[in-house]
Amino acid sequence: MDTRERDTDVVVVGAGAVGENVADRAGRAGLEVVVVEDELVGGECSYWACMPSKALLLPGHALAAARRLPGAAAAVTGRLDTGAVLARRTSFTSGWDDSSQVRWLDTAGLGLLRGRARLTGPRRVEVTGEDGTTVLIARRAVVLATGSVPVLPDVPGLAAANPWTSREATSADEVPGRLAVVGGGTVAVELAQAYARLGSRVTLLVRSALLGKEEDFAGELVADALRADGVDVRLGVSPASVERPVAGGEVTVALDDGSRAVADELLVATGRRPATEGIGLESVGLQDGGRLDVDDTGLVAGVEGEWLHAVGDVSGRVQLTHQGKYEARAVGDAIAARARGELGREAPAWSRYAATATGPATPQVTFTDPEVASVGLRSGEARERGLDVRVVDYAISDVAGASLLADGYTGRARLVVDERRHVVVGATFVGQGVAELLHSATVAIVGEVPLERLWHAVPSYPTVSEVWLRLLETYGL
């Protein structure tokens with residue numbers, strides 16, 4: 001097949017949510033953009049992560065919430081309709097068909113080239129597809145938005161057992177009778193609960209603590225909830241070996257404490273790594289499969305000419321779709337501003353060209369029941385950074401709105417306060433429906449709102465958001 005060359009302003013490698021946002025912002029500014037994708041336009045979040053996983057979770061949450069309200073509980077007489085849950089999940093992926101996403105690219109004036117992309121030199125991207133090879137030459141920028149891939153631990157027999165990753169778990173056609181889950185992070189606990197409520201007998205195998213990157217009480221409350229759902233939560237264990245004598249048959253996980261877990265399917269959710277292998281980094285002086293160091297405008301360190309950018313999971317900063325999209329907006333705007341000669345190498349902090357909030361004000365939600373919603377610094381992190389920290393805790397169940405929301409509401413809120421500046425630098429909420437509390441905390445942290453001013457932000461009564469007032473009262477205001 002022939003090799004063709006094509007010039008364009010910006011080449012975006014990866015058409016997931018992050019790549020789409022970079023392309024959109026650069027395209028809006030009048031730059032010609034070509035997006036390259038070798039799988040589905042829309043990426044991991046649309047088809048195998050954020051959307052389908054929440055579609056699997058939320059019916060179980062709705063049923064549990066109804067059972068916590070006398071009157072409504074009496075109307076709940078059955079179990080989840082597994083087929084209907086799976087069908088609704090599939091509807092959110094459009095049956096793993098990306099036609100609507102492709103149409104969006106077209107209406108936004110963005111080009112799409114399907115195929116496998118790799119850098120072959122400065123500003124050059126070679127794309128190999130079914131109809132041959134095209135070499136894209138970027139006048140302004142190349143943006144790597146290739147995402148991340150699951151990491152499988154080096155455990156004897158694990159790879160041969162053909163375990164599920166999050167992709168298989170979120171796209172499964174059937175609910176296994178028994179499911180073993182290895183991992184203790186967000187993906188592991190969300191899918192463990194989703195499948196438990198869909199009828200699986202779930203065993204959760206966790207090397208250390210559950211949700212270890214969150215405040216301690218978050219993992220403890222989620223573990224209690226999982227056990228109440230029938231999940232066998234085993235902490236402090238790791239797989240020593242895995243056996244699956246028959247493909248698709250029973251799988252046995254031997255653990256380092258001498259015990260075993262036997263299941264029909266095994267889900268491994270032990271983390272992800274940036275997808276930097278095989279994309280041609282060596283052609284521009286970087287290490288194939290290596291780490292990419294980027295600044296707040298997405299520029300990759302170690303590459304001359306200020307043309308190579310990386311954003312989203314591949315940058316190694318934060319593996320969260322919403323934060324990647326935020327970074328993508330900054331990167332797209334920065335590329336356009338540099339093309340106009342309006343921005344140099346450095347971008348002012350908190351400007352539209354810099355993703356300054358990544359790190360000090362990154363929000364995250366674990367969509368279990370109870371939800372875990374956090375933003376900014378955890379208390380331990382704040383102390384490690386040398387801040388004069390005061391921690392303020394409050395039981396969300398003591399708020400009137402929470403008692404109305406559910407009988408026996410269980411939850412906890414924590415603010416981490418920088419005493420020198422009198423501002424909130426971290427917040428964590430655990431409880432039913434607390435994800436909707438998180439943006440107010442994010443605004444408080446990003447805006448560095450003094451506690452004395454925050455006191456005047458009056459929460460409506462009777463809502464769960466009244467916990468803000470109680471936290472500030474507990475602080476002493």
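Arg-197 is buried in this predicted model. Its relative accessible area is 17%, under the 20% cut-off for buried. Arg-197 sits in helix α8, which covers residues 186-197. Its side chain makes a polar contact with the side chain of His-61 at 3.1 Å. Beyond its neighbours within four places in sequence, Arg-197 also touches Gly-60, Ala-64, Arg-68, Leu-80, Asp-229 and Asp-369.

Salt bridges come next. The structure holds 34 of them. One joins the side chains of Arg-167 and Glu-44, at 2.9 Å from N to O. Arg-167 belongs to helix α7 (residues 166-171) and Glu-44 to helix α2 (residues 43-47), so this pair ties together parts 123 residues apart in sequence. Arg-167 is partly exposed at 22% relative accessibility. Glu-44 is partly exposed, also at 22%.

Arg-234 pairs with Asp-232 in another salt bridge, with the closest N and O atoms 3.0 Å apart. Arg-234 is partly exposed at 21%, and Asp-232 is partly exposed at 31%. Glu-277 and Arg-273 meet at 3.9 Å, N to O. Here Arg-273 is partly exposed, at 38%. Salt bridges also form a network, linking Arg-6, Asp-9, Glu-32 and Arg-139.

Now turn to helix α13, residues 438-446. Its buried residues are Leu-438, Ala-441, Thr-442, Ala-444 and Ile-445. Seen down the axis of α13, they fall within an arc of 160°, so they line one face of the helix. What do the buried residues of α13 pack against? Their partners are strands β17 (363-366), β18 (371-376) and β21 (423-431), plus helices α14 (451-454) and α15 (467-475). Just after α13, Glu-448 takes a positive phi of about 50°.

Conventions
Residues are numbered from 1 along each chain as its sequence is written. This is a predicted model: local features need pLDDT of at least 70, side-chain atom pairs count only at pLDDT 80 or more; totals for chains, interfaces and linings use all residues. Side-chain values use heavy atoms; hydrogens and water are left out. Helices (H or I, at least four residues) and strands (E, at least two) are DSSP runs, numbered from the N terminus. Buried means under 20% relative accessible area, exposed over 50%, partly exposed in between (1.4 Å probe, protein chains only). A polar contact is a pair of N or O atoms within 3.5 Å; within protein, one must be able to donate a hydrogen and the other to accept it, and residues adjacent in sequence count only if both atoms are side-chain atoms. Contact means heavy atoms within 4.5 Å. The arc is that of the directions from the helix axis to the C-beta atoms. A salt bridge is a side-chain nitrogen of Lys or Arg within 4 Å of a carboxyl oxygen of Asp or Glu.
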